[in-house]
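Please keep the sequence and the structure at hand while reading.

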Amino acid sequence: MSNRLFLSNRKMELSSGKLARFADGSAVVQLGDTAVMVTAVSKTKPSASQFMPLVVDYRQKAAAAGRIPTNYLRRELASTDKEILTSRVIDRSIRPLFPAGYFYDTQILCNLLAVDGVNDPDVLAINGASAALALSDIPWNGPIGAVRVGLVDGETIINPTRKQLSSSTLNLVVAGAPQNQVVMLEATAENILQQDFCHAIKVGLKQTQHIIQGIQQLVKERGVAKRTVQKLYVAPEEIVECANNCVFRSYFFSSQRLASNKIYAVFTDSGHDKISRDEAINKIRLETEEQLKEKFPEAEPYEIIESFNVVSKDIFRNLVLNEYRRCDGRDLTSLRDIKCEVDMFKMLHGSALFQRGQTQVLCTVTFDSIESSVKSDVISTAVSGIKDKNFMLHYEFPPYATNEIGKVGGMNRRELGHGALAERALKPVIPQDFPFTIRVTSEVLESNGSSSMASACGGSLALMDAGVPVSSAVAGVAIGLITKCSLENGGIEDYRLLTDILGIEDYYGDMDFKMAGTNKGITALQVDLKLPGIPIKIVMEAIQQATAAKREILQIMNQTLAKPRPNRKESGPVVETIHVPLSKRLRFVGPGAYNLKKLQAQTGVTVSQLDEETYSVFAPTPIAMHEAREFIRDICKDDQEVNLEFGAVYTATITEIRDSGVMVKLYPNMTPVLLHNSQLDQRKIKHPSALGLEVGQEIQVKYFGRDPTDGRMRLSRKILQSPATAVLKTLTDKNSIVLGGTIPQSSTSSQ
């Protein structure tokens, strides 16, 4: 059973019923010669967890790309960054459409069957997950459709090929639900204008409807019936009502207060910070739950906990919807207080501290050699075409940032996703010809919402502090959403957008809308929803609200550092080029690269070859570069040669007599070369003494260039005994190994 769709005159095929038939749902999506199989399985017994236990695994198969893994086991091992990030995108696209309280272990597996190197399989995997869930009996309010949108020469392209994407200024993934509802957005942009970005979203959302219709047709043909679950874990209305009306007697006053009133009082007290507000709510929670346990002794622990959560959530949301009030006292479009500092530590190449409310991020910049760039594995290269990258941002979220205790070390999916978002926000402003690999580290010291966007702001300041000539400063902000839905059809009746959301606003809200960019345009976007979709009108309003907030943040950042520093720090690394003629390469490198290894071990520099005669030397400090220069001069001091003219006659000084010939020098700092007996005279001689030659004696020799195999100088005295005349050349010292500066052009003139 299959269905063929045409998106911008390109055929996408959806099929099911042939592969993996034991799974609850299975689908194969093919575009061009790229095919992805996605399976969905969900247990029929509930999980012990108190959340939706959904796991999405996207795996890149080496065989699909016609390659064998290069690790020592020659098989796929742990998930790569690309696989984890793609899994997150799929998860964020399908999770909002599961029924509330569906706490049944569910797993989505995406396997690459074939990759043609032209079409990216990640968007196909989203559509495959949608089809697999829709064709299964798993309760799910889909389907959804997803497309990638590119922008090449001002023209929007749906599902661009790898070649088209390489020249595109936009890489946007749009996941849409029926009736033109937006479910998920993920974008990287080359600082494109807001109106172009909005237009691309609209075009992409329209195309998703064709995919949705195709999946719905398959579902109709199969006649799928959804299973009846044992139980949906939602709070019973009677317990919620009781939690709302729990009565507390004050020890200081004779009056009594309802739990809802106490919660309202906490949420309207703007004097609270994150910790004190949480403590006050938890105190009310404990008292309320004690009363609920007494009144409902047979209720499950989850029902008691969730009932209080429902009451707290409703009070918090109604405060925003009805009174336009936020728990910290701000209005709906105000930013928290922002403070910025740069040049925190002198020894760092660049650093910045960005504080927004109670979110605090320390960003540092480190330069290293181009050789330190991230090398992609062969499978990722075959699939996405990305071989290496010389800019990276690593995000760290230690447990103390939220006053908790936890495991330190390693990396979870959340940290990887947040770091990737901040990296995408900053990458468009990094110059492509920058001579170093750049690593930005973002360590969250305090967290109360939007730490990934704080990482983008802090990273931008740290890059400018390090002297990286970024094209423009970058700022990011998170926009939240509180909605009121209709009880009849579930549609959105009313909503409020919140600028610069707190952690609690993210927790109780319906959307986390993160956008970053410059004063001119947008560089990155990520939208996560808890609703099964929102109208595109809300997305457009959120972009407009985020743009206004972004400009306000940039004005504050510019007061600290408005443009990149003209020079890098004195303690920073240095890069120089060395010109080494082919004839001197063996001398410079040494046997078995001995000289280069010794140079790197003693001075800490990194040497990489750019072309046949040019080497790049990276030193972590100016002192290390000075030591490297001295080392190079030492190994090359006896081999500094002038440019010799082919066929010219020079005066040579004999430095040593050997059985096979004489060792001669053409100029004082030259390494002696052998003038063989066969080239000393027209007659055949067995020893130079037959000609009366002595050490220190000057003789005339003719220069015939260098041996192409070993670079040895070819000289002859015998040829001068012929009747032909030659012009005698005189020499002065001149370096041909150049450290730094302009590489000299080859010349045939002699001095």
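With which residue does Lys 231 form a salt bridge? The partner is Glu 303, and in this predicted model the closest N and O atoms of the pair are 3.2 Å apart.

**Salt bridges around Asp 465**

The structure holds 34 salt bridges, and two further examples can be described through Asp 465, which forms one with Arg 565 and another with Lys 569. For Arg 565 and Asp 465, the closest N and O atoms are 2.7 Å apart. Arg 565 lies in the loop between α13 (536–560) and β25 (574–579) and Asp 465 in helix α11 (residues 451–465), so this pair ties together parts that are 100 residues apart in sequence. In the pair of Asp 465 with Lys 569, the closest N and O atoms are 3.2 Å apart. This second pair also links distant parts of the chain, with Asp 465 in helix α11 and Lys 569 in the loop between α13 and β25, 104 residues apart.

The accessibility of the three residues in these two pairs is set out below.

| Residue | Relative accessible area | Class |
|---|---|---|
| Arg 565 | 28% | partly exposed |
| Asp 465 | 0% | buried |
| Lys 569 | 17% | buried |

Elsewhere, salt bridges that share partners join Arg 326, Asp 328, Arg 330, Arg 336, Arg 356, Asp 500 and Glu 505 into one network.

**Cysteines**

How many disulfides does the model contain? The count comes to 0. Cys 457 is in no disulfide, since the nearest cysteine sulfur, which belongs to Cys 340, is 7.6 Å away, and a disulfide would require the two sulfur atoms to be within 2.5 Å. Cys 457 is buried, with a relative accessible area of 0%, and Cys 198 likewise counts as buried, at 11% relative accessibility.

**Confidence**

The mean pLDDT of the protein is 87, and 90% of its residues reach 70 or more. Over residues 732–736, however, the pLDDT is below 50, although this stretch has 17 contacts in the model beyond near neighbours in sequence. Residues 741–751 form another such stretch, where pLDDT stays under 50 and the model has 16 contacts beyond four places in sequence. Where pLDDT is low, the predicted coordinates should not be read in detail.

**A nonpolar surface patch**

Which residues form a nonpolar patch on the surface? The patch consists of Tyr 72, Leu 73 and Leu 77, which together have about 360 Å² of accessible area. Tyr 72 is found in the loop between β5 (54–59) and α1 (81–94), and at 70% relative accessibility Tyr 72 counts as exposed.

Definitions and conventions:
Residues are numbered from 1 along each chain as its sequence is written. This is a predicted model: local features need pLDDT of at least 70, side-chain atom pairs count only at pLDDT 80 or more; totals for chains, interfaces and linings use all residues. Side-chain values use heavy atoms; hydrogens and water are left out. A salt bridge is a side-chain nitrogen of Lys or Arg within 4 Å of a carboxyl oxygen of Asp or Glu. Helices (H or I, at least four residues) and strands (E, at least two) are DSSP runs, numbered from the N terminus. Buried means under 20% relative accessible area, exposed over 50%, partly exposed in between (1.4 Å probe, protein chains only). pLDDT is the predictor's confidence in each residue, from 0 to 100. Contact means heavy atoms within 4.5 Å. Patches are made of residues with over 30% relative accessible area and no salt bridge: like charges are joined within 9 Å, nonpolar side chains (Val, Leu, Ile, Met, Phe, Trp, Tyr) within 5 Å. Accessible areas come from the Shrake-Rupley method with a 1.4 Å probe; for residues, only the protein chains shown count as cover.
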